Amino acid sequence: MKVNKPFAKTAMSWFATAVLATTTILFVTKSASAQLKSAAPTAAQARYVPGEVLVKFKADATDAAIFSVVGSYGDEPLKVMKRRVVHVKLKNGQSVEEAIASYQGDPSVLRAQPNYLYNLHAVPNDALYGDLWALKNTGQTISSAPYPINNPGLVGMDIDAEAAWDHITDCSSVIVAVLDTGINYTHADLATNMWDGGASYPNHGWDFFDADNDPMPADGSPHGTHVAGIIGAVGNNASGTTGVCWTAKLMAVRVGGEISVSSAAASDGVDFAVENGAKVINMSFGGPPEQADADFYDVINDARTKDVLIVASAGNKSNNNDINSITPCTFDLDNIICVAALDQAYELADFSNTGATSVDLGAPGTNIHSAVAGDRLIEDFSTGWVLNGGWGIGSGDYCPSVSLVNPSNFCTVFTATYANNADDIAYKTFDLSDPAILAAGVHSELELGLNDANDSLSIALNGAGGNPFSISPIATILGPFIDVLPIGYDLAKSGCLTATCSIGTRLQSDAGGSHLGAHLFGFHIYRALVNATTSELFDGTSMSAPMVTGVAALVWAFNPNYTYLDVAESIKKGGDAIPSLAGTTSTGRALDAMGSLRYINPPTGISLSLQ
Amino acid sequence: MKWLSAVLRSTILMMLAMISSSCTCATSDETRIKGGPDRPITYPENRVPGEYIVKVNEDGNEALVRELFSNYEVIDITELRRSRFLIKLGNDPGPDEVERKGLESPFVIRVQPNYLYPLHQQNEAQ
């Protein structure tokens with residue numbers, strides 16, 4: 001985006017311009033004096049040739065005088081260029097800064113400067129880069145897009161990543177924690193960008209959902225891996241996608257499964273991340289009840305006192321978060337950035353929550369291509385099911401797709417109900433013996449109506465095959481019950497990563513009346529694969545938050561002396577003003593990586609007098 | 001009993017419906033038609049049923065927490081960080097009653113449900 005840069009609008013633009021002219025890099029501090037003192041580039045900003053300077057001598061300096069001056073410092077003149085500029089090789093051990101200070105004090109020298117390096121515009125060579133409209137919007141059409149609106153979008157409606165990458169692509173000095181469903185840390189596009197937890201945390205993080213040291217998505221969930229890829233998929237490695245950060249340190253903190261995150265796990269996860277050095281924590285989840293979750297509030301507040309920034313997603317219910325609060329987004333803590341979703345034309349995504357006071361800014365959140373943990377087997381119910389009693393495979397007006405149902409006419413007869421005194425089992429055997437499978441889980445939707453407490457629906461697994469109800473079920477739902485709900489369960493932990501993993505469901509009833517029955521659809525098995533190279537397109541504010549997290553890591557790596565407030569302000573005020581976000585977010589702005597890098601807090605305490 | 005714990009959680013997750021009211025997973029309106037006006041759809045609470053987080057002061061410990069809630073059948077108790085315990089009740093009287101019971105004790109600082117938060121993924125390519 002090249003519109004309405006706040007940098008150009010600031011009343012102190014003269015000041016910023018001066019800084020730009022001297023270094024081409026920006027430094028942000030709280031006061032003007034500190035600003036001026038910070039002119040020496042930090043390591044992250046050192047974009048010049050070490051051991052060399054360019055010295056411009058005064059017009060009356062003779063060649064002999066030039067060589068004499070350079071020699072007097074023990075340096076070597078490599079070349080006398082036009083306009084009496086000398087390319088100097090410094091003596092061993094002398095820093096560029098020291099040399100510049102020395103030459104600047106010499107009466108024959110007009111000025112001295114580093115031998116700056118300039119990059120070609122930074123464009124990564126990743127195979128799927130052309131799909132990453134959020135980073136570079138060329139007006140490309142995204143194939144097989146889950147979000148059909150504004151596809152293609154508008155050229156230039158992106159986070160201006162390439163301009164930012166001219167300055168920095170390496171965020172590895174800033175640990176980023178991904179509190180999510182786990183990360184497939186063997187993924188080819190993530191493995192080298194994972195946080196090194198040493199001997200204590202050999203798997204790059206911790207699993208607070210299953211209480212073990214392995215944050216691999218045990219249920220195969222792709223969500224956390226997708227989020228991690230947006231932040232820090234390895235860039236410029238000629239494969240897959242690239243993250244906002246090409247190089248990163250991603251800490252995997254598993255706090256939930258494919259369906260949801262629990263407060264207990266999330267709270268401990270924040271503490272773990274902070275204790276182990278994370279500076280930015282991504283949370284692509286949330287929901288009611290706002291301040292009632294005092295535990296979660298406390299840990300995020302404590303993270304604030306330890307200079308840690310939280311980036312959270314606003315939610316996907318098209319709600320106004322100012323009215324329907326969302327935890328953690330609407331906590332009244334200034335170390336939380338709450339993010340809405342934008343589409344490819346930088347219109348607000350139709351699902352995105354908003355909030356004129358509670359949502360900070362927007363970021364791309366539709367048709368986002370990123371790494372996933374592996375693949376998924378989509379069950380079409382066409383073969384292999386053993387069906388007993390009232391179970392059947394159906395389709396019709398009351399089923400969105402071919403489904404496993406009981407009664408068998410569930411999809412076609414509105415008043416259909418299951419039988420009294422039923423004890424009906426349906427199951428299928430799957431081959432999950434591929435050694436490449438690290439973890440796997442079943443995910444599906446279940447519409448269920450049960451009459452009373454004597455009616456039930458159970459799920460069972462058996463790695464030995466056959467009727468899975470030959471052993472105890474892993475879950476049972478008792479009536480009375482009616483709802484449509486997502487269900488999910490691990491297969492690895494139930495010993496079902498075998499060639500004969502049977503997965504089944506059982507409906508039991510008494511003689512005392514029946515109800516709607518069971519309708520299982522959208523059934524698939526997620527598989528986390530070793531050294532996965534897979535990627536997918538997802539929508540959601542879940543995808544918007546990590547865009548901001550990536551930029552936060554960039555900004556912090558670029559300016560290591562920043563506080564969380566500096567980073568947050570840079571992101572909020574360095575964004576682009578977007579009509580669709582005016583009045584729906586507190587800033588009215590969309591994420592801009594370059595704008596965030598060059599945003600300068602206006603200096604305070606300056607007084608000028610005219611003479 | 002890690003495996004048992006996972007099973008219990010799976011059970012809870014399924015029984016809960018977890019926030020299907022706020023779940024971002026696509027759910028066709030058609031599938032809800034059969035729930036119709038004469039079959040009201042329930043909206044499960046956004047918490048793990050039977051699970052509570054109990055924060056205690058320096059006088060509190062696992063045994064005291066277990067004893068305090070023994071009338072509600074403590075089937076599991078896990079120590080969390082920050083002097084907190086995650087308890088799972090076999091006979092859950094509901095958040096109000098559990099909180100009331102907890103705050104009767106001098107060593108309990110706070111009791112809250114173990115809330116559930118949905119992921120904010122909207123769609124995915126099929």
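A search of the whole structure, a predicted model, finds 4 disulfides over all chains, a disulfide being a pair of cysteine sulfur atoms within 2.5 Å. With the bonded cysteines of chain A numbered in sequence order, the pairing is 1-2, 3-4, 5-6, 7-8. As this is a predicted model, local features need pLDDT of at least 70 and side-chain atom pairs count only at pLDDT 80 or more, whereas totals for chains, interfaces and linings use all residues. Side-chain values use heavy atoms, with hydrogens and water left out; residues are numbered from 1 along each chain as its sequence is written, and chains are lettered from A and ligands numbered from 1 in the order in which they are written.

One of the disulfides joins Cys329(A) and Cys338(A), with sulfur atoms 2.2 Å apart. The torsion about this S-S bond is about 105°, so the link is right-handed. Cys329(A) is buried at a relative accessible area of 4% (buried means under 20% relative accessible area, exposed over 50%, partly exposed in between, with a 1.4 Å probe and protein chains only), and Cys338(A) is buried at 0%. In the disulfide of Cys399(A) and Cys411(A), the sulfur atoms lie 1.9 Å apart. Here the torsion is about -85°, so the disulfide is left-handed. This pair links distant parts of the chain, 12 residues apart: Cys399(A) belongs to strand 17 (residues 399-406), and Cys411(A) to the loop between strand 17 and strand 18 (423-430). Helices (H or I, at least four residues) and strands (E, at least two) are DSSP runs, numbered from the N terminus. Both Cys399(A) and Cys411(A) are buried. Cys496(A) and Cys501(A) form a further disulfide, with a sulfur separation of 2.1 Å; the angle of 100° about its S-S bond makes the link right-handed.

Chain A contains 12 helices and 27 strands, and 61% of its 611 residues count as buried. Among contacts (heavy atoms within 4.5 Å) between residues at least 6 apart in sequence, 77% join residues at least 24 apart.

Several backbone features fall in loops. A cis peptide bond, with omega about 10°, joins Asn151(A) and Pro152(A); Pro152(A) is found between strand 4 (109-116) and helix 6 (161-165). Another joins Thr327(A) and Pro328(A), with omega about 5°, and Pro328(A) is in the loop between strand 10 (309-313) and strand 11 (336-342). Although not a glycine, Ala211(A) has a positive phi of about 55°; Ala211(A) is exposed, at 59% relative accessible area. Asn367(A) likewise has a positive phi, near 50°, but is buried at 0%.
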